[in-house]
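User: I would like to learn how to read the features of a structure one at a time, with the general idea before the particular case. Could we start with contacts?

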Amino acid sequence: MKRIMLLCLTAIAMSGSHSLYAQSSKSDFMSDDKSLFEEVTGIKKKTDKFNLYLNMHGDFNMKWNESGFDQGAFEMKQLRIEMKGNINDWLSYRYRQRLNRGNDGSGNIDNVPTSIDYAGIGVKLDKFSFFAGKQCTAYGGIEFDVNPIDIYEYSDMIENMNNFMTGLNVAYNYNPHQQIQFQVLNSLNGPSKEMYGDLERTKLPLVYTLNWNGNFMDVFKTRWSASVMNETKGEKMYYYALGNEFNFNPQWHAYFDWMYSREGVDRKGIITRMIGGDLNHNVFNAEYMSYVLHVNYRFAPKWNLFAKGMYETASVYKSSDEVEKGKYRTAWGYVGGIEYYPMETNLHFFLAYTGRSYRFADRAKALGEDNYSTNRVSVGFIWQMPVF
């Protein structure tokens, strides 16, 4: 782990700009929109101090499993309201909240409900930028930084992560195309027992992340990170992500992400759910790895084809009293479809297919697991609607 961390930090130090904020507000292929206010009133908005968006991803899903057709239903997959603005040339703010999630934050360590993704202020001082408050972790990976409304299916790695927590981010733009971020956040939203079970809590539940965002002639972009997290007393998680984006020409765009998590206590919970039994805490020594490849082909001004493949493993890297060492699960994911952009905005309609296949090792089958696959066909719309 020390060698991997050293390699990541060396690459960051030797490199020659992405936004400070993860979870970008703009979708791929998006041009500047007129707000709903401007369309209705005919009055051009002349201030950047207040911008209001409604992020929507709605669809009709038809789902199949090993038994055949399972269900067809409408779903609002993503529904988030977002406010952001620049008060002046050095002070900004951002607020984003999921409208289809509970709003009780009274038991959380930061007293903020998990429905809130962002709630904080930004300060820019020359080459330095700061953001304080609830925010997205500065993990690497291109897909991790995409607006969630644009994701048809996340990898298991990201799907089982806690991504929005409270703390401080410091960014340094050491030239117009290279940025380093250092971030320290709470490592938990709720109590330690909810995440890890009856293990003694750490007194400093924090996660530290070093992130490099690079831009090489707008052809090759990087989003790499190395993180260390305090989990429970004496146990840590190490997380590494290498995101690589390729813009070959106006028609072809792709990204490839590699993610690796080594967890003293199983934070994702995937291995723990397999073990089951009478455990009163998450299992020890879990290890997860994920590869994601996504390709876009803009074959016409209003049409885009996309395809995505995912390969993931879930393992235990050292035996304990409760679980033996080795690989437990291999997961494959396939996503593909077509998008239609009817206007010069990010509004688009889509038809997409998603397939997942899960294969378990013998040691997992001995615990009652069995191979299975799922399939889904979705038709719907995605829009970051600029309200004001």
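User: Which residues does Thr 354 touch, not counting residues up to four places away in sequence?

Analyst: Contact means heavy atoms within 4.5 Å. By that criterion, and leaving out residues up to four places away in sequence, Thr 354 touches Glu 153, Tyr 334, Val 335, Thr 374, Asn 375 and Arg 376. This is a predicted model, in which local features need pLDDT of at least 70 and side-chain atom pairs count only at pLDDT 80 or more, while totals for chains, interfaces and linings use all residues. Residues are numbered from 1 along each chain as its sequence is written, and side-chain values use heavy atoms, with hydrogens and water left out.

User: Is Thr 354 buried or exposed, and in which strand does Thr 354 lie?

Analyst: Buried means under 20% relative accessible area, exposed means over 50%, and partly exposed is in between, with a 1.4 Å probe and protein chains only. Thr 354 has a relative accessible area of 4% and is therefore buried. Its place is in strand β15 (residues 348-360), where strands (E, at least two residues) and helices (H or I, at least four) are DSSP runs numbered from the N terminus. The protein has six helices and 16 strands, and buried residues make up 51% of its 388 residues.

User: What is Asn 375 in contact with, leaving aside its neighbours within four places in sequence?

Analyst: Asn 375, which is found in strand β16 (residues 372-386), is in contact with Met 62, Lys 63, Trp 64, Tyr 353, Thr 354 and Gly 355. At 29% relative accessibility, Asn 375 counts as partly exposed. Asn 375 and Arg 356 are 19 residues apart in sequence, yet 6.5 Å apart in space from C-alpha to C-alpha.

User: How many aromatic pairs does the structure hold, and how is such a pair described?

Analyst: A pair of aromatic rings is described by the distance of the centres and the angle of the planes. Rings of Phe, Tyr and Trp (its six-membered ring) pair if their centres lie within 6.5 Å, and planes under 30 degrees apart count as stacked, over 60 as edge-to-face and the rest as tilted. The structure holds 27 aromatic pairs. One of them is the edge-to-face pair of Tyr 118 and Phe 164, with 6.0 Å centre to centre and 70° between the planes. That pair links distant parts of the chain, since Tyr 118 is in strand β4 and Phe 164 is in strand β6 (residues 164-175), 46 residues apart. Tyr 118 and Phe 164 are both buried. Trp 303 and Tyr 340 form a tilted pair, with 4.6 Å centre to centre and 40° between the planes. Trp 303 lies in strand β13 (residues 303-316) and Tyr 340 in strand β14 (residues 326-340), so this pair ties together parts that are 37 residues apart in sequence. Trp 303 is partly exposed, with a relative accessible area of 36%, and Tyr 340 counts as partly exposed at 29%.

User: Which ring does the charged end of Arg 298 sit over?

Analyst: A charge sits over a ring if NZ of Lys or CZ of Arg is within 6 Å of the ring centre and within 35 degrees of the ring normal. The charged end of Arg 298 sits over the ring of Tyr 341, 4.3 Å from its centre, and that of Arg 363 sits over the ring of Tyr 328, 5.8 Å from its centre.
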